[in-house]
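Thanks for coming, everyone. Let me put the structure up, and then I'll walk you through it.

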Amino acid sequence: MNETENPWQTLESSVKYENPWLSIRHEEVITPAGTPGIYGVVSFKNKAVGVIPIDADGNTYLVGQYRYPLNEYSWEIPEGGAPLGTDPLESAKRELREETGLEASQWTKIARIHTSNSATDEEGFLYIAEGLVQGDHEPEETEDLRIWKLPLSEAVEMAITSRITDSLSVSGLLIVARLRGI
């Protein structure tokens, strides 16, 4: 199989729903098996960005909030959206400052991921932030956030045991664990 050749054929595509953050397309397709089918695609109007802040003592910071689509509380790394056409790193810096009040002097890009590639084309970028300085956080009006400073190893354990389920957070924490030998 040629990994660069698309075995799907799109016959028709139409936007069925759109808001300021996403659009949903309905597509009539020919599947790789040559049969007619349908596909729904969620396209986000932002790239996802996530940050694993690590202080000089090996601690990280998680952000807790109630996630409406899940109907449950979620602990996550600081994360948010980078408008299309902008630098994801600049958005990651903004999200870290807004959600935790932290600013960092050292940034390392550790991954590019797709958050749920069977239903969305969303692309995400993960960063480590170090050289942290604490300031005031500035959450958005829709955010009721709690900030938790904890050992990085404990956050990694939370990802491994499914106490953290957010895909950006799990991916980022496990990559950092590998990089740091945790």
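I'll go from the domains to the hairpin, then to the salt bridges, and end on one residue. Keep in mind that this is a predicted model.

Start with the overall layout. The protein divides into domain 1, residues 9-44, and domain 2, residues 46-180. Their C-alpha centres lie 30 Å apart. Each side brings seven residues to the contact.

How much area is buried between domain 1 and domain 2? About 540 Å², with carbon and sulfur atoms giving 39% of that. On the domain 1 side, three residues stand out: Y39, V42 and F44 supply 73% of the area that domain 1 buries against domain 2.

Salt bridges between the two domains number zero.

Now look at β3 itself. Strand β3, residues 36-44, runs antiparallel to β2, residues 22-30. Nine bridges join the two. In that pairing, E28 stands opposite I38 of β3. The hairpin has five residues between its strands, and G34 there takes a positive phi near 85°.

Next, salt bridges. Side chains of opposite charge can pair when their charged atoms come close. The count here comes to 11. Take K45 and E18, which meet at 2.8 Å, N to O. K45 sits in the loop between β3 and β4, and E18 is in strand β1, so this pair ties together parts 27 residues apart in sequence.

A second pair is K149 with D55, at 3.7 Å between the closest N and O atoms. This one links distant parts of the chain: K149 in strand β10 and D55 in the loop between β4 and β5, 94 residues apart. Buried or exposed, where does D55 fall? It counts as buried, at 14% relative accessibility, because the cut-off is under 20%. K149 is partly exposed, at 46%.

K93 and E90 both lie in α1, three residues apart, about one turn of the helix. Their closest N and O atoms are 3.6 Å apart. There is also a network of salt bridges linking K47, R112 and E123.

Last stop: I182, in the segment after α3. I182 is partly exposed, at 48% relative accessible area. Leaving out residues up to four places away in sequence, I182 touches L152, S153, V156 and A177. The C-alpha atoms of I182 and S153 are separated by 6.5 Å, although the two residues are 29 apart along the chain.

Definitions and conventions
Residues are numbered from 1 along each chain as its sequence is written. This is a predicted model: local features need pLDDT of at least 70, side-chain atom pairs count only at pLDDT 80 or more; totals for chains, interfaces and linings use all residues. Side-chain values use heavy atoms; hydrogens and water are left out. Two strands pair if DSSP finds at least two bridges between them. Helices (H or I, at least four residues) and strands (E, at least two) are DSSP runs, numbered from the N terminus. Buried means under 20% relative accessible area, exposed over 50%, partly exposed in between (1.4 Å probe, protein chains only). Contact means heavy atoms within 4.5 Å. Domain bounds come from an automatic or database domain assignment. Buried area is the accessible area (1.4 Å probe) that two parts lose on being put together, summed over both. A salt bridge is a side-chain nitrogen of Lys or Arg within 4 Å of a carboxyl oxygen of Asp or Glu.
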